[in-house]
Amino acid sequence: MTGKDGGAPLEPIGNSPVVILVRPQMAENIGTTARAMANGGLFHLRLVAPRDGWPQDRAWRTASGADRILEAIEVFDTVDDAVADLHHVYATCPRPRHIVKQVLTARGGAAELRAATRRGLRVGLLFGPERTGLDNEDMARADGLIRYPLNPGFMSLNLAQAVMVMAYEWWLTEDETPSRELMTNETHVATKGELENFMRHLLAELDECGFLRNEQKKPGMVRNLRHFFTRGEVTEQELRTLHGVVTELSHGRKIRQG
């Protein structure tokens, strides 16, 4: 359809939400939306009455390799047609007015979507035109509204950014990446035995040079040193470096004394 080839080997991941862009105005925004979707494991993209029709070559230029999402796009004339085969639909809405409907955060909305898909239901997310957003008729088709808790003094997002927030929250609902992790690369976190071996080396040299000569303060000073090295996760490579430092300091002292 577009003469394009290549791109990332993207495909649907399980029963993921359908992203529906209602009356999108710019091809570039459709491309960046596909890019945002790919980051969050979303694949199904539908367009409702795109202003300039579809396909549009400019979308591929901004998709950064999310070509397969663009190639699988479905186009509909109305929102009703676009959501007809879905069980639940949520609409993103920055300023809901005169509407009585459940409003969720992005995180809460993602959790609702995940719960529904685990039951085998098909779900969708509505995003409005770049300039105006969804109108009341569009939102009347939704089961609930999603509003992002952003800085109330400035809540302006472009279309791809709005999609990226939901794609990210969707991905997090099943992501198990630890919130904090030490990158050790070629080495490993030092064992207690390796740490104790270093402490013996260090304390022996500190004794030898007279640093621990105050017998009354010595136990507290030794404890402080132990606390320092056990407060974080020292790696085996770091201990080897420190062994070398202590050895060289000792060697230099002996040369000066000689």
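Student: Which residues does Asn29 touch, not counting residues up to four places away in sequence?

Tutor: Contact means heavy atoms within 4.5 Å. By that criterion, Asn29 touches Glu130 and Leu159. This is a predicted model, in which local features need pLDDT of at least 70 and side-chain atom pairs count only at pLDDT 80 or more, while totals for chains, interfaces and linings use all residues. Residues are numbered from 1 along each chain as its sequence is written, and side-chain values use heavy atoms, with hydrogens and water left out.

Student: In which helix does Asn29 lie, and is Asn29 buried or exposed?

Tutor: Helices (H or I, at least four residues) and strands (E, at least two) are DSSP runs, numbered from the N terminus. Asn29 belongs to helix α1, residues 27–39. For accessibility, buried means under 20% relative accessible area, exposed over 50%, and partly exposed in between, with a 1.4 Å probe and protein chains only. Asn29 counts as buried because its relative accessibility is 17%. The C-alpha atoms of Asn29 and Ala59 are 7.1 Å apart in space, although the two residues are 30 apart in sequence.

Student: Where does Thr235 lie, and which residues is Thr235 in contact with, leaving aside its neighbours within four places in sequence?

Tutor: Thr235 is in the loop between α9 (218–230) and α10 (236–257). Its contacts are Leu182, Thr184, Thr187, His188, Val189 and Ala190. With a relative accessible area of 7%, Thr235 is buried.

Student: How many disulfides does a search of the whole structure find?

Tutor: A disulfide is a pair of cysteine sulfur atoms within 2.5 Å. The search finds zero. As for individual cysteines, Cys93 is buried at 6% relative accessible area, whereas Cys209 is partly exposed at 39%.

Student: How many helices and strands are there in the protein, and why is the protein described as more spread out than a compact globule?

Tutor: The protein has ten helices and seven strands. The radius of gyration is taken over C-alpha atoms, and the globule rule is 2.2 Å times the number of residues to the power 0.38. For 258 residues the rule gives 18 Å, but the radius of gyration is 29 Å, well over that value, so the protein is more spread out than a compact globule. Along the principal axes, the C-alpha atoms fill a box of roughly 90 × 45 × 40 Å.

Student: What share of the residues counts as buried, and what share of contacts between residues at least 6 apart joins residues at least 24 apart?

Tutor: Of the 258 residues, 40% count as buried. Among those contacts, the share is 83%.
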